[in-house]
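Dear colleague,

I am passing on a structure for you to look through, and my notes on it follow below. Please read them alongside the coordinates.

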Amino acid sequence: ISNSITHPQPNFGNLDNLPFGDLDPDNKYIISTRVRVGRSLEGRPFPPLLSKQDRLDMENVVKKVFSQFTGDHAGKYYALSNMSKEVEKQLVEDHFLFQDDNRLGLYNFFDLRTACGYNHWPAGRGIYHNDSKTFLIWVNEEDHLRIISMQKGGNLSEVYRRLIEACLFI
């Protein structure tokens, strides 16, 4: 048995001909649509095992990637460690900001603090969002990266396409 695992190439479908589109074209039922994924950076420990330096190194790597986003993905990165109160307030109002007081983690099975999810807070953590606030990436929250695409209404194809284009870029 080999010690290495080879993952198959991802297949996200034909982005030019998706089998779904706007699920609520008359805007009667769907307020907003969101698709999100967690991604891990190759060769890095999972978050409970990350050192402070690991977090800072990962943040620097992804900030370089974020600076290359263009078009619908272009935006700005906000490090939690040096975020102004005004930006923090706006991100909280936008429901974008994650904080170190999440009492229960994913699926409510464990407390993130007990699972070392808040070690070295807020070092190496931040939020990137595009200019239109329809695409964001959380850095070193529960996952290395949490990539989220969203928008008002039910146009799943636009939301999905934006997410997948970013995943293929990263």
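I begin with His144, which, leaving aside its neighbours within four places in sequence, is in contact with Arg39, Ser40, Leu41, Arg44, Pro45, Phe46, Pro47, Leu50, Met58, Trp138 and Val139, where contact means heavy atoms within 4.5 Å. Before going on, please note that this is a predicted model, in which local features need pLDDT of at least 70 and side-chain atom pairs count only at pLDDT 80 or more, while totals for chains, interfaces and linings use all residues. Residues are numbered from 1 along each chain as its sequence is written, and side-chain values use heavy atoms, with hydrogens and water left out.

His144 lies in the loop between strand S4 (135-139) and strand S5 (145-152); helices (H or I, at least four residues) and strands (E, at least two) are DSSP runs, numbered from the N terminus. With 1% relative accessibility, His144 counts as buried, a word that stands for under 20% relative accessible area, with exposed meaning over 50% and partly exposed in between (1.4 Å probe, protein chains only). Two polar contacts of its side chain deserve a look, a polar contact being a pair of N or O atoms within 3.5 Å, where within protein one must be able to donate a hydrogen and the other to accept it, and where residues adjacent in sequence count only if both atoms are side-chain atoms. The side chain of His144 reaches the backbone nitrogen of Leu41 at 2.7 Å, and a polar atom of that side chain lies 2.6 Å from the backbone oxygen of Pro45.

As for the overall fold, the chain has three helices and five strands, which follow the pattern β-α-β-α-β-β-β-α along the sequence. Of its 170 residues, 38% count as buried, and among the contacts with a separation of 6 or more, 66% are between residues 24 or more positions apart. The five strands form an open sheet in the order S1-S5-S4-S3-S2, with antiparallel pairing, two strands being paired if DSSP finds at least two bridges between them. S1 and S2 stand at the edges with a single partner strand each, so one side of each is left without a neighbour in the sheet. Neighbouring strands of this sheet are turned by 15° against each other on average, direction ignored; the axes are lines fitted to C-alpha atoms, for helices over the stretch in contact, and angles run from 0 to 180 degrees between N-to-C directions. Within the sheet, S4 and S5 pair in the antiparallel sense over five bridges, and Phe135 stands opposite Ser149 in S5. Helix H3 lies across S1, strand S3 (126-130), S4 and S5, running at about 155° to S5.

Leu156 is found in helix H3, and its C-alpha atom is separated by 5.7 Å from that of Asp22, 134 residues apart along the chain. Not counting residues up to four places away in sequence, Leu156 touches Phe20, Gly21, Asp22, Leu23, Thr33 and Val35. Val35 is found in strand S1 and is buried, with a relative accessible area of 18%; with the same exclusion, Val35 touches Ile147, Ile148, Ser149, Leu156, Val159 and Leu163. An unreviewed UniProt entry lists Val35 under "binding site", together with Ser32, Thr33, Arg34, Arg36, His95 and Arg146; UniProt positions are given in the numbering used here, feature names are shortened, and annotations may be inferred rather than shown by experiment.

Lastly, the aromatic rings: those of Phe, Tyr and Trp (its six-membered ring) pair if their centres lie within 6.5 Å, with planes under 30 degrees apart counted as stacked, over 60 as edge-to-face and the rest as tilted. By this rule the count comes to eight aromatic pairs. The rings of Phe69 and Phe169 have their centres 5.3 Å apart and their planes at 40°, so this pair is tilted. The pair links distant parts of the chain, with Phe69 in the loop between helix H1 (52-66) and strand S2 (75-79) and Phe169 in helix H3 (residues 156-169), 100 residues apart. Phe69 counts as buried at 8% relative accessibility, whereas Phe169, at 40%, counts as partly exposed. The rings of Tyr128 and Phe135 have their centres 6.4 Å apart and their planes at 75°, so that pair is edge-to-face, and both Tyr128 and Phe135 are buried. Ring pairs link Phe66, Phe69, Tyr77, Tyr128, Phe135 and Phe169 into a cluster.
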